[in-house]
Amino acid sequence: MFIRVTVCFRAQGTFGSRNSCSVHPRRFLCMAAAETVVADSAGARRRGGMERQVKSFEEIPHTGKNSWVNLVKFWKEDRFRHLHKHMEKTFIALGPIYREHVGTHSSVNIMLPSDIGELFRSEGLHPRRMTLQPWTTHRETRKHSKGVFLKNGEEWRSDRLLLNKEVMMTSAVKRFLPLLDEVASDFCRMLRARVEREGRGKEGERCLTMDPSADLFRFALEASCHVIYGERIGLFSSTPSMESQKFIWAVERMLATTLPLLYLPPRLLLRIGAPLWTQHASAWDHIFSHAEARIQRGYQRLSSSKRKGPEAGAAEGQFTGVLGQLLEKGQLSLDLIKANITELMAGGVDTTAIPLQFALFELGRNPEVQEKVRQQVRTSWSQAGGDPQKALQGAPLLKGIVKETLRLYPVGITVQRYPVRDIVLQNYHIPAGTMVQACLYPLGRSSQVFEDPQRFDPGRWSSSSSREEGQSVEGAGFRSLAFGFGARQCVGRRIAENEMQIFLMHILLSFHLSVSSSEDIKTTYTLILQPEMPPRITFRKL
Ligand code: HEM
């Protein structure tokens, strides 16, 4: 994931709806049944020969007229940290579409797949609008903004297509999957040794109860570096380097400081947000310098191998990481390579480490599911002859675990778009350019969209059950959107999916997982959704 920090400064008209807070939950259900249509020129919509007037934008239910009063409420009630719960409650109160105005931030929020489908169909190739980047005088982020964030339409798209070749396409997955496999199996080797050393029980059957969050961060960083830079950084050693630890801290600080800064206008930011801003900028500094150092090294390596001939560099055909590939092909400018590599590094650690915490927890509290997946993994692994790609293909429930985890705990709780043409959602007119958010947390937990939504069931994503489910619940498409959609979807998607699946495969082959309490984990939102307290997991050696 990457932080798509977006603010819409458009005047959104007056706020006309009066009774928004008194809407009964039942309205939610009947509104949800309404189909989504595009407004015709007369602003009317036709259904079964009848014409119904499309309601105006101002009539969309909202959470309060005054955006500054709302901002104060958000601060006072600590809603930023519980934004996902706030959204869920607001949809229940107001129906499947509502407007929200908080400080400088204005959005229309939606949660039903049919509306989300309509939204995505009307997306253009907008540049990503980073609120914070353009405000800063920070040299590196400015340069970076020019390189990636402020690029427009087709120019952005052609760069993105070049990047996709190295990270999204099947041929790219084939190149980097063995690297992820190596890191995941090393991780399990390290964990087995630790369980043997520190665990309880008889030798050979030891189990260890622990909070795995720090280890999962190390795993995700080691895996990212291996895929992106083509190098291991030794995080599984007993004394990982201070540099790596500092990188993890910087990413965490950057994420934690982004959300509060996002809702402040520049002038207020300078007064009351200055300390936050300083922390935010210095976190970015660190992330940039981390990438910069590696890019320099990669560039020098490439130049020297060009000077000395191919035998001096990497062996022919050897994968030198995404960075090596981009440098070697030389289709993107060096500045763009830097910007993209920094984004991949900054966006690729917490985003996979945190869902892995949730996945281990859900497997621990659902022992039957765990056993079923393990059986499938064992069979597939034994038939794959050491080929990680074959092993994953033969165990589709692993993919189901990733989807199911992200359904219940979407890392980014919204996907945002500015439609390029006027659209109609839930019979309300949405002008082009409005910021519309698809709210993934309420979507994933809605009984209108998923049967028995609280159940952790990786099998629900298999093609046969999806078809069945599609018949009984709201539209079968646009339900699994944790990585976004379309041209602008998560560029790290294939890395993340494969990294998580291969990790879970090795864990299930090596350990039985359990948890002491099957109570739900409390979650908090700090630009990404995470557990308030990391769950403790018991790993028993198999
Ligand atoms: C479970 C893990 C992850 C999730 C759920 C996730 C989710 C997302 C989402 C929702 C978006 C916005 C997509 C849209 O607007 O349609 C995004 C964008 C992005 N993600 Fe991820 N992500 C994950 C892992 C990663 C990883 C591992 C990387 C890097 C290796 C990464 C790098 C990025 C980047 C660079 C973007 C911006 C793409 C662009 O706008 O061009 N993400 N991600």
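I call a residue buried if 20 or more other C-beta atoms, placed from the backbone, lie within 10 Å of its own, exposed if 12 or fewer, and partly exposed in between. The model is predicted, so I take local features only at pLDDT of at least 70 and side-chain atom pairs only at pLDDT 80 or more, while totals for chains, interfaces and linings use all residues. Residues are numbered from 1 along each chain as its sequence is written.

**Entry 1: Tyr 525**

I looked up Tyr 525, which lies in strand E11 (residues 523–525); strands (E, at least two residues) and helices (H or I, at least four) are DSSP runs numbered from the N terminus. Tyr 525 is buried, because 20 other C-beta atoms lie within 10 Å. Leaving out residues up to four places away in sequence, Tyr 525 touches Arg 81, His 82, Leu 83, His 84 and Ile 413; contact here means C-beta atoms, placed from the backbone, within 7 Å. Ile 413 is 112 residues from Tyr 525 in sequence, with 8.4 Å from C-alpha to C-alpha.

**Entry 2: the sheet**

I then traced an open sheet of 4 strands, with order E3-E4-E9-E6 and mixed pairing; two strands pair if DSSP finds at least two bridges between them. E3 and E6 (414–417) are the edge strands with a single partner each, so one side of each has no neighbour in the sheet.

E3 (residues 97–102) and E4 run antiparallel and are joined by 6 bridges. They form a hairpin with 2 residues between them, and Gly 103 in the turn has a positive phi of about 55°.

E4 pairs with E9 (residues 436–439) in the parallel sense over 3 bridges, with Asn 109 opposite Gln 437. E9 and E6 are antiparallel over 4 bridges; Thr 414 has Cys 439 in E9 as its bridge partner. For E4 (residues 105–110), 5 of the 6 residues are buried, so the strand is largely enclosed by the rest of the structure.

**Entry 3: H8 and H9**

I checked how H8 (residues 170–198) packs on H9 (residues 213–229): the angle is about 150° and the axes are 9 Å apart. Axes are lines fitted to C-alpha atoms over the stretch in contact, and angles run from 0 to 180 degrees between N-to-C directions. From H8, Phe 176, Leu 179, Leu 180, Val 183 and Phe 187 meet Phe 219, Glu 222, Ala 223, His 226 and Val 227 of H9.

Definitions and conventions
Contact = placed C-beta atoms within 7 Å.
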